[in-house]
Each structure stands twice: as structure tokens, then as C-alpha cells.
Amino acid sequence: MSFILSCPNCGPRAVDEYAYGGEVTERARTSGDERALFHYLYFRTNTGGDQREWWFHSSGCREWFQAERNTTRNEVLQVARPGELAPSREPAGG
Amino acid sequence: MIGLLKKHRYFRDHDLKSSYDVVIIGAGAHGLATAYYLAKRHGIKKIAVLDRSYMGAGASGRNTTIIRSNYLTPEGARFYEASVKLYESLSQDLNFNMLFSQHGHLTLAHSDRSVNTMMERAEVNRLVGVDSRVVYPDEIKDLCPQLDISDHPTFPILAALYHPPGGVIRHDAVVWGYGKEADKMGVEIHQYTDVTGINVENGKVTGVDTNRGTIHCDTVISCVAGWSTLVCDLVGVPLPLTTHILQACVTEPVKPLLDKIIVSGTLHIYISQSDRGEFVMGSEIEPYSGYSNTSTFRFIEDLAMHMIELLPMLGHAKILRQWTGYCDVSPDYSPIMGLTEVEGFIIDAGWGTYGFKASPIVGFTIADLIGTGKTPELIQPFRWARFYENDLVSERGAAAVSH
Ligand SMILES: Cc1cc2nc3c(=O)[nH]c(=O)nc-3n(C[C@H](O)[C@H](O)[C@H](O)COP(=O)(O)OP(=O)(O)OC[C@H]3O[C@@H](n4cnc5c(N)ncnc54)[C@H](O)[C@@H]3O)c2cc1C
Ligand SMILES: [Zn+2]
């Protein structure tokens, strides 16, 4: 296994038990701005640092949750139910 | 004899100048090929190729060297076919033996659905002049007797897409060959030169900041594959990419016994035997994004399980080493090449798990774009702006297995 991720329901498990859902993005508004919509659909921050992301416990409780992970060290900083992550330790861009 | 043992340097070291005509970020196969064709075909000589690490430190020195052109879209197949053609004469052109051996490539289908995809690929390939056709178990057995074509495995082999010109090459030689010839024409290769900033005034590139000082230039080309988002962040160009690691491994060398490249999308594995006798094997990208080059045991376990099902004779082979590299994955499994909204900033990215085979044609077409100011037709479909135009080039059916 390459790292351990804790499901808020089930506790620490090997990362292979989960499906990755990508970085947390801000939902596009239903305005008429096509560029904003395509940006939301395709473009990503792809951070080399702390990233907030979605995970699905596919071989466990089958619930979605969120994690904050350092993508260069593969270190999980926190996990929480959707929308409940604490503010990041470092300010954005820090 | 003494001469043979002497260490060769393929390029010279230079002081970093304060200005160049063109700065290329990334001394992988793409960056060096671009420098070579810029100097060779367009007479541009004041070129610096900068790399934060050593030449070939990125995916160019870590890939599994498979070269093929049997893609699913006409845009893709045409583009990669042009690259295979350049590869066919590259050893002569660069006066360096690249050990390119086109011994054929089989993509196995284990389900009706993948048989359909193979048929579609064969049709598209035929239309654009790529040598590729669907073959069935009897012929597969002739082409590659080592494969278990019985109905014994969990996923029996139903058919395969056969691509005779598919092959493998010595990847380091491609990097060194382009570097050596570019150097001869006056291109400067600067290793351990990290680009930390890209300067823009009134929407135009004016230079780059590095750990060795600032350089002035009007044209910057980013050839950094897995690092593309990080470099494009320096200039404010957003990208539709996520970076994932891809793993690979080799066995101990043995006598030649597998002369085809074998790929299975269903089993998520591929294999070839190198000229040294090692079996070179790979699988899928890690599903989560990130920049941590840590190999996993899980990769070896999964790969070995499926590989032995396909090629039972490999049961006794021992793994010699495993490694990882970055892959910049795009939403449509096609590259992103050409102009951006910042004048003078050109990108070459989105190479995912399949960019090595494109190195020559990337260098050729990006050099043409800079030399003539016009985007070559071959790369027009891969423009950055396509994501805002919702005009994608979906290669999922031909590129989702990593090679
Ligand atoms: C395990 C593996 C197997 C693969 N197998 C195949 C295959 O069989 N066939 C195939 O066609 N493709 C394959 N690929 C994909 C292929 O290797 C890549 O798409 C291709 O090599 C990209 O080449 P490049 O020159 O664009 O980038 P790279 O070779 O990655 O070079 C980028 C360079 O940029 C440098 N750099 C990054 N940031 C900076 C900065 N800020 N300043 C200065 N320099 C910087 C890096 O140090 C690096 O040397 C594989 C990839 C991997 C990882
Ligand atoms: Zn759970």
C-alpha cells in the first residue's frame, strides 16, 4: 500500500480501498458565461502542496468524504465529512 | 580500446548569458528535439535549454519506450504516424544508434466491447495510412506463441489489434542524440538551472528568472510534461491537467523469448522484452494526483498477478528494479500544444503516459510554429484553446493503457 487514509466512518485503511474523486472545486454558477463553465469542467489547480480533495470509500461504507493531503509528500493532513474540513494550516499560496 | 573506454560528454557547459532568442524549459526529449529542429530547420541558434535537474531526469529517462501510431482519432493517428516516420530515420539523422526495433505491437481484447474498439481503431488507422488490423486467436498464436490463448484465464483473449510498425527504442539515446546534435549547432544545454519565474510585460514574455540569474528573451517554450501546471502557474496560464505518477519495472535479463509488445487494457498491463533481455513492464497511473515519486509494492503484486495469467512462463522471472515518473494527464488523453494567451509563451504539455513516441514530431512542429509564426495543421487540433471551445480530441479508447 502506498499510504493510509482514514475514512471518517471506518477509520484508517489502505488507500486502495478508496476511489479518488479529484480536487475540491467551486461549483460553476448558472450564469451564461461559457468560459467559466468550461473552466469549471476541465481546468484544475493540480497543486504541488496541500490539496483539498474528494474520496469515496468504495470497499467500505461507500460514502464520500473530503481530505486535505500534501501532494508532494503524500501525507494526509486531515479528513472530514463533506464541507467540514478545518481551515488549512498555511494560507493559500504559503 | 582505450578510446572505447573514455568517457564521452555529448554537450558542453556554458556560462548563462543574459539573453537568448528562445528559452526552452525542460531538457527532456521534447525540449531537446525542439531545440534541434529550431536550429536545424529555422537557423535559430541563440537557444538555451534549461533543466532544474540533469538532462533526461524527467519522464524521458523513465518511460517504457513504446512507439506506435495506432490511435483512435484521425487527428491522433496522423500525428503519431508522422512521429514514427521521423523515428525510422532518426539514428541516421542524429548519427547515433537508437536501437529502434519495430518488432510489432499487439493490443489484446478480452471483451466484445474492446473487440469493437479495436475494429474502430483499425478502420481509422487504415483511413489515415497506419498499418494496423484486427487479428483473432489463431493468428495471435502464430504471432506470439507465448501467450495463453486458451479459455483457461479469467479473461480469455478474443482478438487483438496488430500494429506491425510498433516498436521500442533506447530512450536515453533519443535524449542524448538530440542533445548532442543541438549542441553541435550552438544550442546551449544548461543542467541544474531551475526556472523560478517567467516575466511578462503588457501580455508579452520578456524573460525568465532562474537560480543562476535572469535571462531576457521573447519566446519561452515549456516542455516540462508532469511539471507543466507548476511552470504555467509562473505565467498565469491555467491548464486542464492533473499530474499522477506512473510506475514501471524490469525483470532480470534472460535470453530473447518475446519479440512482440503485448498490451492488455482489461488487465491494465503491458510488456516488452528489451535488447538487453529484461522484461519491461508497466500498468496504469496511480489514481490520485500528486508529485511523490514513491514506488509501491501493490503495483508489483497487481502487475505480477495479471502478467502471469497472460504469460505463464514469466512465473520464475525475478524483478530487478521498479521506478516511477510524472505524467500530466489531460481530460481527453490528447496533448496540449502551441500558443497561449500570453504572447511568446508556448506550451507543449498534456503528455500523460504516451508522450515519448511523440518527441520527434513535437520538436518538428513546435519549431515550425516558432520559425514560421503559423500553427502547423498537424497540431491545430491540440491547441490549448480547445477546452474553452469544447472541441476535444478523445483518445481515451487508445491511450488509457499507459504507454
Ligand atoms: C513509467 C513511464 C512509462 C512511460 N511509457 C511510455 C511509453 O512506453 N511510450 C510513450 O510514448 N510514452 C511513455 N511515457 C510518457 C513519456 O515518458 C513522457 O510523456 C515524455 O517523456 C515527456 O517528455 P518531455 O521531454 O516532455 O518531459 P520530461 O522528460 O518529463 O522532461 C521535463 C523536464 O523538465 C524539467 N523541469 C521541470 N520543471 C522545471 C523548471 N521549473 N525549470 C527547469 N526545468 C524544469 C524536469 O527536470 C525534466 O527534466 C511513460 C512515462 C512514464 C513515467
Ligand atoms: Zn468508510
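Biologist: How many residue pairs are in polar contact between chain B and chain A?
Modeller: Twelve, counting pairs with both residues at pLDDT 80 or more. Keep in mind that this is a predicted model.

Biologist: Which elements of chain B supply at least two residues to the side that touches chain A?
Modeller: Helix 8 (228–233), strand 13 (242–251) and helix 11 (386–389) each do. By class, that side of chain B has 13 nonpolar, eight polar and two charged residues.

Biologist: And salt bridges across it, how many?
Modeller: Two between chain B and chain A. In one salt bridge the side chain of A:Asp16 meets that of B:Arg298, at 3.3 Å from N to O.

Biologist: How much area do the two chains bury?
Modeller: About 2,000 Å² between them, with 56% on carbon and sulfur atoms. B:Tyr288, B:Tyr291 and B:Tyr388 lose the most area on the chain B side, together 34% of what that side buries.

Biologist: Switching to chain B itself. What domains is it divided into?
Modeller: Domain 1 covers 17–63 + 172–240 + 332–399, and domain 2 covers 100–168 + 242–329. Their centres, taken over C-alpha atoms, are 29 Å apart. Domain 1 puts 16 residues into the contact and domain 2 puts in 15.

Biologist: What about salt bridges and polar contacts between those domains, how many of each?
Modeller: Zero salt bridges, but six residue pairs in polar contact, both residues at pLDDT 80 or more.

Biologist: Which element gives the most on the domain 1 side?
Modeller: Helix 8 of chain B, with three residues. The domain 1 side that touches domain 2 has eight nonpolar, seven polar and one charged residues.

How values were computed. Residues are numbered from 1 along each chain as its sequence is written. Chains are lettered from A and ligands numbered from 1 in the order in which they are written. This is a predicted model: local features need pLDDT of at least 70, side-chain atom pairs count only at pLDDT 80 or more; totals for chains, interfaces and linings use all residues. Side-chain values use heavy atoms; hydrogens and water are left out. Buried area is the accessible area (1.4 Å probe) that two parts lose on being put together, summed over both. A salt bridge is a side-chain nitrogen of Lys or Arg within 4 Å of a carboxyl oxygen of Asp or Glu. A polar contact is a pair of N or O atoms within 3.5 Å; within protein, one must be able to donate a hydrogen and the other to accept it, and residues adjacent in sequence count only if both atoms are side-chain atoms. Helices (H or I, at least four residues) and strands (E, at least two) are DSSP runs, numbered from the N terminus. Ala, Val, Leu, Ile, Met, Phe, Trp, Tyr, Cys and Pro count as nonpolar, Asp, Glu, Lys and Arg as charged, and the others, Gly among them, as polar. Domain bounds come from an automatic or database domain assignment. Contact means heavy atoms within 4.5 Å.
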